[in-house]
Amino acid sequence: MTAVSGEMIGDDRLIRESGIEARVAAIIAPVLGAIGYRLVRVRMTAQEGATLQIMAERPDGTMSVEDCEEVSRALSPVLDVEDPIDTAYQLEISSPGIDRPLVRKSDFAAAVGHLVKIETAEPLEGRKRFRGFVVESDEETVTIEPETVESEEDEAFLYGIPFLAIAEARLVLTDELVRDALRQDKEERRQRKRDRRPTASERAALRSSKENGTERAPDEETGTQAEGE
């Protein structure tokens, strides 16, 4: 796969790891960028002894099983050489999923209209946990409308949460979110089919070669015809 530009390699995530997870993130982010992926999250858990969970995706937000396998093949030797973890562990590569973590400004922009959970590093307006629908997102702040209100006066109340204050955020799984994900997946499948179809010029060239009798026989294309047959 062709290496991508430095812009993709650059890490524009808002959420940062610490300790071992930060060391792993610093090692793998450039590797992921070089093969056309970007880092979503690194997490070290005690699951089945010790598991290094790496969440990644393509720039368009997709991540197939084959993509996970490709990322695993690329990262395993790098982690073996750099050896940032001083204990035995299992490597787990995964996609962000439908109820994905929100780690970039673009993630919040794409989440407009959907229900999210946000936790801030420090109390904001007397609280650290927020749950509501994303109303808008700009360069510095995400604005959410509370999912529930305690009084009529609160109905028009909105929370403006600076990105710099966010410690963790993710989408909440709802029926609407699932419908949107299925609709997007269907459109992506259609687009892939359209991309595989010959262009008008290619179809015209194919018709012309058939009419002129210049279309190569299958064995001529592959060069596998045995001499003397």
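Modeller: At 38% relative accessibility, Glu168 is partly exposed; please bear in mind that this model is predicted.

Colleague: Why does Glu168 count as partly exposed?

Modeller: Buried requires under 20% and exposed requires over 50%. The value for Glu168 is 38%, so this residue counts as partly exposed. Its partner in a salt bridge is Arg43, which is also partly exposed, with a relative accessible area of 32%.

Colleague: What makes the contact between Arg43 and Glu168 a salt bridge?

Modeller: The closest N and O atoms are 3.8 Å apart. The rule asks for a side-chain nitrogen of Lys or Arg within 4 Å of a carboxyl oxygen of Asp or Glu, so the pair qualifies.

Colleague: Why are Glu57 and Arg100 called buried?

Modeller: Glu57 has 0% relative accessibility and Arg100 has 12%. Buried means under 20%, so both residues count as buried. Their side chains meet in a salt bridge at 2.6 Å, N to O. Glu57 lies in strand 2 and Arg100 in the loop between strand 3 and helix 4, so parts 43 residues apart in sequence are tied together.

Colleague: How do you know whether Arg129 is buried or exposed?

Modeller: Its relative accessibility is 59%. Exposed means over 50%, so Arg129 counts as exposed. Arg129 forms a salt bridge with Glu119, which is partly exposed at 27%.

Colleague: How many salt bridges does the rule give?

Modeller: The count comes to 11 salt bridges.

How values were computed:
Residues numbered from 1 in each chain as written. Predicted model: local features only at pLDDT ≥ 70, side-chain atom pairs only at ≥ 80, totals over all residues. Heavy atoms only, no water. Buried < 20%, exposed > 50% of the residue type's maximum accessible area, 1.4 Å probe, protein only. Helix = DSSP H or I, 4+ residues; strand = E, 2+ residues; numbered from the N terminus.
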